[in-house]
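Here's a quick tour for anyone meeting this structure for the first time. Have a look at the model below, then read on for its salt bridges and helix packing.

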Amino acid sequence: MREPDRRAPREASERAPLSPEERRRVLRAAILRPMNVVVPVIGVGIFAITLLWWMPPLTAVTYAALVFLSLRDPIFRERVLRDRTAGPTPGSPGPEGYDIPPERRVRWLPRGETRQRVEAALTVYRKVVTAIEESDDVTRAVLGDAIPKLHAMAERMVDIAHRREKAAEAVDDLRSRVTPPNPEQDEDLGRLEEELRAADEEISGTFDGLLNLRARVVRISIESESAARTAAGDLNRTLDEMNLRLEALETTLSSPDEH
């Protein structure tokens, strides 16, 4: 599926403020960057051989400078965020192979009610994932399959939001045209307005569903192992249904080229 917003200028993506989680991810990557780590390794080796008193402070200053330069490097930042080594799921892109987290892609939406709703849903989505990842071993084991499904849901929801905004632009364009009555244009307008309603309903429904999932994860974490497995199966089925609805809506929404 084509993603029109990938055509947004690269510099606009780089200027987007990083979330606290993304900043922690970039900092950790800069600290562990091989070309940076090799400096203290060499410095310690030289100090062990020569015992030069100035070698440790020089090594520390050089290492700190390299970490700082890595943090300021936009190419390095984008590569770290694209790799998603500490993101929603390490090394697992979205359903369409996206390599940019949905929390960043949602910032490409115009400011408005749709973006606010999607951002609120993504906040709950992140809390659900965190609740699973920080739970006990049994809960993580029974809900392991739920995490990639949650990521797929988030990606699809952002896709739908982008398509919804493109449809809204097309509706505004059709309404602004001063032309004689045109049955074909009226049909296009009616179809696009129906798409807007369907997208709004599905985004709201996904938000409500995520709130419910968060409560269910908490309940699963305090259940016995057998009860937790049963509840986890029900939760996974709910996730499957939510993803199927989002996927079905994706196939019915007009592509940006059609708009």
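Predicted model: local features only at pLDDT ≥ 70, side-chain atom pairs only at ≥ 80, totals over all residues.

**Salt bridges**

- Arg126 and Glu103 form a salt bridge, and their closest N and O atoms sit 2.9 Å apart.
- Arg126 belongs to helix H7 (residues 113-133) and Glu103 to helix H6 (residues 102-105), so this pair ties together parts of the chain that are 23 residues apart in sequence.
- Glu155 pairs up with Arg105 in another salt bridge, with 2.7 Å between the closest N and O atoms.
- Because Glu155 is in helix H9 (residues 146-176) while Arg105 is in helix H6, that bridge joins parts 50 residues apart in sequence.
- Glu155 and Arg105 are buried too.
- Then there's Asp200, which makes a salt bridge with Arg117, the closest N and O atoms being 2.8 Å apart.
- This one links distant parts of the chain, with Asp200 in helix H10 (residues 183-221) and Arg117 in helix H7, 83 residues apart.
- Asp200 and Arg117 also belong to a network of salt bridges, together with Glu113, Arg164 and Glu165.
- Counting up, the model has 14 salt bridges.

**H7 against H9**

- The axes of H7 and H9 lie 10 Å apart, and the two helices pack at an angle of about 175°.
- An angle over 145 degrees counts as roughly antiparallel, and H7 and H9 are therefore roughly antiparallel to each other.
- On the H7 side, the residues making the contact include Val118, Leu122, Tyr125 and Val129, while those on the H9 side include Ile147, Leu150, Met157 and Val158.
- By class, the contact of H7 with H9 has 14 nonpolar, two polar and three charged residues.

**H9 against H11**

- H9 also meets helix H11 (residues 225-252), where the axes come within 9 Å and cross at roughly 25°.
- Angles under 35 degrees count as roughly parallel, so H9 and H11 are roughly parallel to each other.
- The crossing of H9 and H11 is left-handed.
- Among the residues that meet here are Leu150, Met153, Met157 and Ile160 in H9, and Leu235, Leu239, Met242 and Leu246 in H11.
- The contact of H9 with H11 divides into eleven nonpolar, two polar and seven charged residues.

Definitions and conventions: Residues numbered from 1 in each chain as written. Heavy atoms only, no water. Salt bridge = Lys/Arg side-chain N within 4 Å of Asp/Glu carboxyl O. Helix = DSSP H or I, 4+ residues; strand = E, 2+ residues; numbered from the N terminus. Buried < 20%, exposed > 50% of the residue type's maximum accessible area, 1.4 Å probe, protein only. Axes fitted to C-alpha atoms, helices over the stretch in contact; angles between N-to-C directions. Parallel < 35°, antiparallel > 145°, perpendicular 65-115°, else oblique. Left-handed = near helix turned anticlockwise from the far one by under 90°. Contact = heavy atoms within 4.5 Å. Nonpolar A, V, L, I, M, F, W, Y, C, P; charged D, E, K, R; others polar.
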